[in-house]
Amino acid sequence: MRFTPQMRALDWLVSKPIAHRGLHNENKGRVENSASAFEKAIAKGFSMECDLQLTADGQAVVFHDDEVDRVLDGKGKVKSLTVKQIQKMKFRGGKDRVQTLQELLEQVDGRETIVIEIKSLWDDDMTLTRHVLEVLAQYKGPFAIMSFDENILTCAAELQPNIVRGITADRVTDPYYNMLPVSRRIAMQSLEHLPRSKPHFISYYFHDLPFQPVGEIRQRGFPIITWTIRSDAEARLARRYSDQITFENYKPA
């Protein structure tokens, strides 16, 4: 590991493997992004990653998808449902209920690092970002925020310049990105937005590495996290190009 000033400042962020959406195991009733998955990560001494979506009543809930049906016994878009409605829905295969960000912070209570991904609907609505920053302002434990959406990071940099933030990124080749203008996709791929989004670290898709722009940023001393690692073989390769891994469905060595 390189001991640059940036790395020393963020050694707490990259000191431990990061459990993707908590240490989940659906076969054992620990669903992704659930209280049980986060508690297991803490018990095993791992940092943890989670996702946030905005509800109809303006709250941040710990949830990955735009719609609820993949992991909950219900239907609908998260943004069209209130916290109360979502929390009445049961996880498929688990006994937890969806948490708000505030509830997650109360659960973790500074015991481990939380890496918080703010999900985007790519509509430049910063309601979720502003709410998340307000909630986190009262939290004393170690955390960082990140997002695929460079505009979310730019907003965070303007409102809370001292908050630790990272860009989640890949080479922008997935058909998912076809909703975005070509010019924006090119800018995202080349990381042209860094002067305004001002990330302190990058969380990059493992299978898209090595990639010259990311390598150059790492050479400048900024931490690189990779996602999502599912075996020791992948972890060994990922650590050639990064300073920590985000993992799931296996136990890092």
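**View 1. Helix 3 (residues 35-43) meets helix 5 (residues 101-108), with axes that come within 11 Å and cross at roughly 30 degrees.** This is a predicted model, in which local features need pLDDT of at least 70, side-chain atom pairs count only at pLDDT 80 or more, and totals for chains, interfaces and linings use all residues. Residues are numbered from 1 along each chain as its sequence is written, and side-chain values use heavy atoms, leaving out hydrogens and water. Helices (H or I, at least four residues) and strands (E, at least two) are DSSP runs numbered from the N terminus. Axes are lines fitted to C-alpha atoms, for helices over the stretch in contact, with angles from 0 to 180 degrees between N-to-C directions. Helix 3 and helix 5 are therefore roughly parallel (angles under 35 degrees). Their crossing is right-handed (the near helix is turned clockwise from the far one by less than a right angle). Ala 35, Phe 38, Glu 39 and Ile 42 of helix 3 make the contact with Leu 104, Gln 107 and Val 108 of helix 5 (contact means heavy atoms within 4.5 Å). These residues divide into five nonpolar, one polar and one charged (Ala, Val, Leu, Ile, Met, Phe, Trp, Tyr, Cys and Pro count as nonpolar, Asp, Glu, Lys and Arg as charged, and the others, Gly among them, as polar).

**View 2. On to helix 5 and helix 6, whose axes come within 10 Å and cross at roughly 30 degrees.** That makes helix 5 roughly parallel to helix 6, and the crossing is right-handed. Here Leu 101, Gln 102 and Leu 105 of helix 5 meet Val 132, Val 135 and Leu 136 of helix 6. Five of the contact residues are nonpolar, one is polar and none is charged.

**View 3. Helix 7 (residues 150-159) has eight of its 10 residues buried, so it is largely enclosed by the rest of the structure.** Buried means under 20% relative accessible area (1.4 Å probe, protein chains only). Among the buried residues are Ile 152, Leu 153 and Cys 155. The buried residues pack against several elements, including strand 4 (114-118), helix 6 (127-136) and helix 8 (182-190). At the start of helix 7, a side-chain oxygen of Asp 149 comes within 2.9 Å of the backbone nitrogen of Asn 151.

**View 4. Asp 51 sits in strand 2 (residues 47-54).** With 1% relative accessibility, Asp 51 counts as buried. Its side chain and that of Asn 33 are joined by a polar contact of 3.0 Å (a pair of N or O atoms within 3.5 Å; within protein, one must be able to donate a hydrogen and the other to accept it, and residues adjacent in sequence count only if both atoms are side-chain atoms). Not counting residues up to four places away in sequence, Asp 51 touches residues including Arg 21, His 64, Glu 117 and Lys 119.

Notes. Parallel < 35°, antiparallel > 145°, perpendicular 65-115°, else oblique. Buried < 20%, exposed > 50% of the residue type's maximum accessible area, 1.4 Å probe, protein only.
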